[in-house]
Each structure stands twice: as structure tokens, then as C-alpha cells.
Amino acid sequence: MEDKRELLKQPIHGIYIPIALILFGTWIFGWEYMPYSVGFIVVICSMQIYGALQRRSSMHLVKWQDFELLDKTLIGPMTAIYRFKLRKDDEVLDVPTGHSLACCFTVDGKDEVRYYTPISNQFDTGFFDILVKHYKNGVVTRKLANVQIGQTVKFRGPFGKLDYVPNEYKEVGLIAGGTGITPMLQIITRIITNMDDKTKIKLLFANNEETDILLKDELDNMALKYPDLEIKYITGEFVKKSDFEFLPPSGSDSKLLVCGPPAFVEHINELAKESGYQKDEVFNF
């Protein structure tokens, strides 16, 4: 059922109609009251504008915004979680499921942009987290590694093509390689924190070595608490066609979501095709 109170937050109901009623009432009772009515209207409009400015998101789709680094936590070999401060302590970063943020550094006079999926959830207030794998020759990751607590980094967004709809599919198969786990974690969190979402999840998580598995404790705890979440870890070898037996079968009630390095994604798509999945049944981040 629609909450009629939400109508008051819309300009047509929250501003225009009250102003029209004030002016109409002034016209009935006498024009000599018009200066007082206009003054009252100015106050009301100012309050509405101020409230809108306070409610606006810290993140902008077009303009780069500076965000202060609050914390940096090393969680694995050359991998860290960076926490950035939002403009308000009670603000939650509203990023659609599976979407990412653009991060920008100016290097040798050129803007270098990389995309990171926030791993913080819709209940975290006042900050957002990104998980970053550092590479020896990584232009942006080297810059990030040198950012000190209290300094700022430019972000904008969100960006993405995934349109996740709760219960659209009976099952989803998530296939992640390395730091490709970040959008998958966002999807998992969104599903298991929505009691109305009955989607079953099967996560296939591939890494070079067991020590490379990111956020394993968190993932295992989720799997223990939520029986509709199953996880299979693959280390030290390529994902094989036989591994697809763990994933949801091809069909209208399932979807495969893939994220990882380009070569990994290409390999998974070939295996999916060999396993009978149609092109529209596989989504690549």
C-alpha cells in the first residue's frame, strides 16, 4: 500500500500546493496581507531548499567529490580495505546492487580512473568501504597506497548495468575471480538482508592460492547463517567445466553473474557456453 505521507516530500504537494493555497487565501481576505504572505512563503521555501541540500547524497554522478580517508586495513597479500567518510554521519551511500564508483588520481598531468564496488552495506552509516588489490605496476593502486588517514580521494558515481530485482530468479550463480568478489559480496548482502528475497545463491570463488581468498571468514559466516547461500572455493587451478555442476542449471529461473580479470571472465564465458548456458543467461561485470 502506498504511504500517502510520501506525497508531502514531492514538490507539487510539499511546496506548490501550499503556496497556491496561501496566495488564494490572501486574495480572499485582502491584498494588504500580501507582503506578510510573501515573507512567509520565502521562509517556507528556504526551509525546503535547506532540507533538500541536507538530504542530497555526498556522491555525485558527474562531479568529482573529495572523500576523506578514515581507515586503511590490510586483509591479505597486497590487499586492503579503504574506508572513506561521507558528508553526514547518518548518511548511507545509496549504490544500486552490483554498481561501482569511479576513483580518480591525476598522474603526470593525466586523469587516471579506476572503478571499485563498495563492499559496505545499506546499514552502514557515515562511511563507505572499497576493497583494493594492489599491483606492482598499478598506477591508481600505488597512489591509493600512499594516501594517509585524513587525506582525500576523488570519487563519483555510481555506474553499472546490472538491474537486480529481488526474486526475479529462483537461483543466481556468482562466479568470482580474486577481487571480482566485491560486486558479489554486495549482491549477497543485499539478498540475505532482505527477508522478502527468496533467491538462492551459489558462489564459485576462484583464487591462485588459499591465502589469496579475500574475506573468507566473512563469507563462511554468512554461509553458516543463511542456508540458501552455498560457497565453493577453487584454488591452484583453472575453473573446469565440471565445476559448473555446482552452479544453478541453465534455464529461465537462473542467472550467472561473472566478475574477475579479463582472461578469467573470457574463460568462464567459454565454459558457460559449453555447459549449455545461453548468452542472455550470463552477465559480465
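A salt bridge is a side-chain nitrogen of Lys or Arg within 4 Å of a carboxyl oxygen of Asp or Glu. Side chains of opposite charge can pair when their charged atoms come close.

This is a predicted model, where local features need pLDDT of at least 70, side-chain atom pairs count only at pLDDT 80 or more, and totals for chains, interfaces and linings use all residues. Residues are numbered from 1 along each chain as its sequence is written, and side-chain values use heavy atoms, with hydrogens and water left out.

Searching the whole structure gives seven salt bridges.

**Stop one.** Select K154 and D66. Their side chains form a salt bridge, 3.1 Å from N to O. K154 sits in strand β6 (residues 152-159) and D66 in strand β1 (residues 65-76), so this pair ties together parts that are 88 residues apart in sequence. Strands here are DSSP runs of E, at least two residues, numbered from the N terminus. Now check the surface. K154 is partly exposed, at 35% relative accessible area. D66 is partly exposed too, at 47%. Partly exposed lies between buried (under 20% relative accessible area) and exposed (over 50%), with a 1.4 Å probe and protein chains only.

**Stop two.** Select R114 and E112. The salt bridge between these side chains spans 3.5 Å, N to O. Is E112 buried or exposed? E112 counts as buried, at 15% relative accessibility. R114 is partly exposed, at 30%.

**Stop three.** Select E237 and K240. Their side chains meet in a salt bridge of 3.1 Å, N to O. E237 is partly exposed, with a relative accessible area of 48%. K240 is partly exposed, at 37%.

Note on methods: Helices (H or I, at least four residues) and strands (E, at least two) are DSSP runs, numbered from the N terminus.
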